[in-house]
Amino acid sequence: MTMLKAYRINIPILILAAVMVFSRCSFAADTLPDDNAAPEASAVAIEEVSPAAAGIADSNSNKSAQAEHVFELSVIAQNQPSSVNFVNFNPGDSPQSNEVLVEIKSNLGRQYQVLQNVTSRLANIDGQRIPLKNITAQTLPLSGTKGFLKIPDKTPLKRGHVLLYISDLEGSSDKFKINYELTAPENLIPGNYLSGILYTLSEI
Amino acid sequence: MIKNNILCIKLRVISISLCFVAGLLVSAAQADKLPYVSQSKIRILAGPGETVSGEITIENPTAESKNINLYLEDWHYLHGSSGAKEFVSPNSMPYSACPWISFTPRNIQVPPFGKQKVSYSVNIPAGAEGARYASLFFETMVSKGVPLLKSGSYAGFDINIRVATLFYVEVQGTVFRSGQLNNLKVEPSQAVGGGLDINLDFANTGNTDIATLGEFILKNKEGAVVARGVFNNLYAFQHGKGALSSTIKEMIPPGVYGLKITVDLGKATAEAGMGNGPVITKEAVVTIGENNRVIEFGELS
């Protein structure tokens, strides 16, 4: 009798727990990259509220009765702390590497692209610079990458937009890595050098 | 009895622990959940002097508040007509729609798991014609390159990401889609395995953007199809040009053939639910010898 009472109390809780654990497995499989734990991820969501406004014919309206539209970009630096950064490098050292995981999820069924834009010179507070040519970028496939990587070889960074990736014609969800590699310049003046990288997701 | 009570307590402890751990894991998963973006392309057809308004909702499905900057830029197609785009300063392109578009607010703080609406308005000036283009960006910071060293060297990058909502604004009653196909070439393929390459030039002679869907069929004298294929999708602004290409992989028996090329100029409007076409159809005669040797090919007509 006591056992029965115990089961009456605990079975629903156990079922709830099992469901929650199962939910976690599903979320994890959907959201985390294969290779490494994700230190940080961020993105933006946009949803059209009134696509049928007078005079507007939007490309998604025909599918409004279907599943919610998905078109998202996440950029996850694999370094700790989560950023593209190079620490304590000196002339003559081996090059330092940083990897960034880029993941795109889309159910639009249309081709899309990812651009990289180095937004400023890599400079310290005194205006001293590390030439961007001392940092190379290279796009690397992951297992199952479907789209077209546009920087297959190590290529010096430059300011402005550079096309990193174009999806397959079906606009499949996809992911790839970018490897950044810094070689310290011979005339390096020790200091803190900062710049910025802007990644852009847009439809073709 | 005592054993039963102990077992009961153990089961409760285990189940409560499971619930607690599972709850933590679910929270973590939700915190990691990546936001989504819909409505990444808006095509507007309205007359001169008309104003079209709409709303876009920005959703933050993460557990952190997000600061998002909104701004307009121009865009143009990169060389190659693949549809790849480059974004440039607003009002810097001849077909910029930036002066026609207004929106509010310009900066928003989206609370955790919250939504914010952005209102936009497209004002088409009286007397306007043709088509204009712009992009509304939604930008947020992902990480900051911060740890400043007191000695040694540090190089860090702030990382920002942005997504684009592309605007295509067509002035109703003034736009027309037209194109020309020229310079047909049929020649041995450079690809491994041989075959025949079909190349031709496309020129957008209309006054709006064109995205193409092209295909070809090769028929023998009896009218039987011996090869068919598709061309690359081509994207061009008004007055833009590009190249269409495809490959016949099969070994074609020697003979005289009719090559029929069909190019639909309405891929973009079809995707927007704004109708199909127009379609260009051209034909040429191709004479092929032994081992896919091209003896001659005629003009498109």
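A residue is called buried when its relative accessible area is under 20%, exposed when it is over 50%, and partly exposed in between, using a 1.4 Å probe and the protein chains only. The model on screen is predicted, so local features need pLDDT of at least 70 and side-chain atom pairs count only at pLDDT 80 or more, while totals for chains, interfaces and linings use all residues. Residues are numbered from 1 along each chain as its sequence is written, chains are lettered from A and ligands numbered from 1 in the order in which they are written, and side-chain values use heavy atoms, with hydrogens and water left out.

**Stop 1: chain A**

Select chain A and colour it by secondary structure. Helices (H or I, at least four residues) and strands (E, at least two) are DSSP runs, numbered from the N terminus. Of the 204 residues in chain A, 51% are buried. A contact means heavy atoms within 4.5 Å. Taking the contacts in chain A between residues at least 6 apart in sequence, 74% join residues at least 24 apart. Accessible areas come from the Shrake-Rupley method with a 1.4 Å probe, and for residues only the protein chains shown count as cover. For chain A the accessible surface is about 9300 Å², and 56% of that belongs to carbon and sulfur atoms.

**Stop 2: chain B**

Now select chain B, which contains two helices and 19 strands. Buried residues account for 50% of its 301 residues. In chain B, 68% of the contacts between residues at least 6 apart in sequence join residues at least 24 apart. The chain exposes about 13700 Å², with 54% supplied by carbon and sulfur atoms.

**Stop 3: B:A134**

Select B:A134, in strand 8 (residues 131-143) of chain B. Is B:A134 buried or exposed? B:A134 counts as buried because its relative accessible area is 0%. Draw a line between the C-alpha atoms of B:A134 and B:F167; they are 5.1 Å apart in space, although the residues are 33 apart in sequence.

**Stop 4: backbone details in chain B**

Go to B:P105, in the loop between strand 5 (101-104) and strand 6 (107-110). The peptide bond from B:T104 to B:P105 is cis, with omega near 0°. Then move to B:P278, in the loop between helix 2 and strand 18 (279-288). Another cis peptide bond joins B:G277 and B:P278, with omega about 5°.

Next select B:S81, in the loop between strand 3 (66-77) and strand 4 (85-88). B:S81 is not a glycine, yet it has a positive phi of about 60°. With a relative accessible area of 7%, B:S81 is buried. B:N183, also not a glycine, has a positive phi of about 55°. B:N183 sits in strand 10 (residues 179-188) and is exposed, at 52% relative accessibility.

**Stop 5: the largest cavity**

Rolling a probe the size of a water molecule over the atoms shows where empty space is left. On a 1 Å grid over the protein atoms alone, a cavity is a set of points where a 1.4 Å probe fits but cannot get out; a pocket is an open set with protein on both sides within 12 Å along at least five of seven lines, and lining residues have an atom within 4 Å of a point. Points are joined across faces, edges and corners, and a volume is the space filled by probe spheres set on the points.

The count is one cavity of 30 Å³ or more. The largest cavity holds about 90 Å³. Which residues lie nearest its centre? Select B:K41, B:R43, B:Y168, B:A268 and B:E271, from a lining of twelve residues. Strand 1 (41-46) and helix 2 (267-271) of chain B each give two or more residues to this lining, and helix 2 gives the most, with three.

**Stop 6: the largest pocket**

The largest pocket has a volume of about 320 Å³. Select A:Q111, A:L169, B:F231, B:N232 and B:N233, the closest to its centre among the 17 lining residues. Strand 13 of chain B supplies the largest share of the lining, three residues.
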